[in-house]
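Thanks for coming. I will go through one structure this morning, starting with the ligand and ending with a helix.

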Amino acid sequence: MEAVFQRCIRPACGATAALDDTSFVCPRCGGLMDVAYDWSKLQPPAALRDFEKKWAQRGNPLHFSGVWRFLELLPFAHPEKVMTIGEGQTILQRADAVAQYAGLNAGCLFLQYEGMNPSGSFKDNGMTAAFTHARLSGARRAACASTGNTSASLAVFCSATGLMRAIIFIGSGKISYGKLAQALDHGALTVQIAGDFDDAMQRVQQVARKLGIYLVNSINPFRLEGQKTIMFRVLEALRWEPPDWIVVPGGNLGNVSAFGKAFGELADLGLLTRVPRLAVINAAGASTFFQLYERFGVRWNNGQPQDKLIDGYYQGLDAEKIRAATIASAIEINHPVNLPKALRALERCGGVVREVSDQEILDAKAKVGAGGLGCEPASAASVAGARKLRREGVIAAGERVVCILTGHQLKDPTTTVAYHSTDQKTFDDVLGHRGVRRATFANRAVQVPNDLDDIIKAIELYS
Ligand code: F0G
């Protein structure tokens with residue numbers, strides 16, 4: 001057995017595939033694959049603190065990258081094959097004003113700001129890893145279905161490296177302008193499908209298989225290896241003392257799966273004695289994971305989740321023609337491809353799932369913005385979810401909580417402007433039909449005549 005390989009996530013199957021295999025489904029049972037390591041043949045760090053030595057060597061691109069700085073914990077890549085564009089330079093920021101909103105004590109809420117990545121979302125953490133793997137396999141074209149951020153990241157990596165041609169599948173009218181702008185500007189072949197993300201996801205898998213195109217959706221286990229490093233950076237910022245909770249929005253469930261794998265591996269390697277709990281937050285209009293986990297009690301069950309219940313749930317959605325619908329377009333997904341891995345992650349870390357309304361998401365987003373870090377709607381689901389869990393008493397006021405801000409504020413300016421708008425029609429057009437009734441924390445522009453006295457009067461009145 002090689003030191004690095006791919007392995008079916010179901011223990012009862014356990015089929016393996018070579019490191020450079022690009023089918024990303026189990027050759028025996030068709031399930032999801034993991035990147036697997038035989039750590040006895042590798043050199044994991046003796047202590048997490050060892051990574052700090054790399055801080056002084058930022059001239060080395062592999063040490064500058066917030067992903068590859070942790071190469072020893074995702075050791076599938078040879079250093080000379082790594083494709084990096086400086087991803088993962090992100091910060092964990094203490095956010096007391098947001099803590100107060102969520103009902104947490106001062107000093108207890110931290111925001112992990114993944115919007116600072118080159119393409120403006122956490123996806124770059126995974127894309128650098130997928131690109132590095134694609135290089136191993138000699139791929140010339142890469143594809144994804146996307147609600148906008150995976151596609152933006154793919155487009156940026158393709159244009160920045162010149163390594164592959166980007167082919168992206170998006171649901172028609174389903175992605176925000178900021179994200180569409182990125183795909184177009186960075187030269188991706190953009191295929192708009194008359195359908196939503198769930199339709200596009202099915203199609204891209206068929207097309208990738210047929211045409212031998214490298215798939216970069218999070219069904220690709222190498223993506224998740226890169227996304228593990230978000231947790232390594234959180235630990236690093238907390239000087240290797242795990243928080244009590246990680247709260248993350250859930251869409252295709254790649255992040256939570258990656259986080260669970262990261263903590264599981266650190267614990268197995270003896271590098272962490274306690275793992276944080278994981279909370280996944282769905283939008284109420286796209287809440288498959290919440291329904292299955294919290295309502296129907298579906299569990300990992302040692303790799304045998306209750307398939308009948310899951311299939312029945314999906315059949316019910318289809319029979320009633322229920323499609324995902326939320327203002328948080330990034331997580332407007334009803335068929336999360338990483339569901340089994342996410343169940344495994346929650347089992348490993350004692351997880352919970354909640355759903356939050358679009359109203360709660362947008363109010364939390366305004367609070368995040370007022371607190372200094374701008375995020376897109378989906379990201380704010382994490383803060384809205386932390387607030388809900390605090391109100392339920394699941395999270396205590398003195399526990400340390402990290403919310404992941406997955407994407408930048410400028411990804412979806414339409415929603416932000418509508419929320420703060422003085423114009424009722426703009427508000428109604430963008431938000432009203434979503435059940436959003438009020439802009440609780442709106443910061444409205446002040447309308448004044450073009451007259452110096454009026455302008456001065458307005459400023460004195462409002463400041
Ligand atoms: N937040 C943002 C900003 C996202 O773009 C996504 C997913 C998520 C959260 C959910 O993360 O899928 O790991 O549970 N966006 C994907 C895309 C689906 O195509 O850009 P997840």
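An oxygen atom of the ligand is 2.7 Å from a polar backbone atom of N252. Please keep in mind that this is a predicted model.

T147 places a backbone N or O atom 2.8 Å from an oxygen atom of the ligand. T406 uses its side chain instead: a polar atom there lies 2.7 Å from a nitrogen atom of the ligand. On its own the ligand has 470 Å² of accessible area, and the protein covers 99% of that.

Which cavity does the ligand take up? The space taken by the ligand is the largest cavity. Around the ligand there are 21 residues, and the closest are S146, G251, N252, L253 and T406. Two helices contribute to this shell: helix 4, residues 149-161, and helix 8, residues 254-268, each supply at least two residues.

Now to helix 7, residues 221-237. After the helix comes R239, which has a positive phi, near 50°.

Is helix 7 enclosed or open? Of its 17 residues, 16 are buried, meaning under 20% relative accessible area. Helix 7 is therefore largely enclosed by the rest of the structure.

That is what I have; I will take questions now.

How values were computed: Residues are numbered from 1 along each chain as its sequence is written. This is a predicted model: local features need pLDDT of at least 70, side-chain atom pairs count only at pLDDT 80 or more; totals for chains, interfaces and linings use all residues. Side-chain values use heavy atoms; hydrogens and water are left out. Helices (H or I, at least four residues) and strands (E, at least two) are DSSP runs, numbered from the N terminus. The expected span of a helix is 1.5 Å times one less than its number of residues. Buried means under 20% relative accessible area, exposed over 50%, partly exposed in between (1.4 Å probe, protein chains only). A residue is near a molecule or strand if one of its heavy atoms lies within 4 Å of it. A polar contact is a pair of N or O atoms within 3.5 Å; within protein, one must be able to donate a hydrogen and the other to accept it, and residues adjacent in sequence count only if both atoms are side-chain atoms. Accessible areas come from the Shrake-Rupley method with a 1.4 Å probe; for residues, only the protein chains shown count as cover. On a 1 Å grid over the protein atoms alone, a cavity is a set of points where a 1.4 Å probe fits but cannot get out, and a pocket is an open set with protein on both sides within 12 Å along at least five of seven lines; lining residues have an atom within 4 Å of a point. A molecule sits in a cavity or pocket if more than half of its atoms lie within 2 Å of its grid points.
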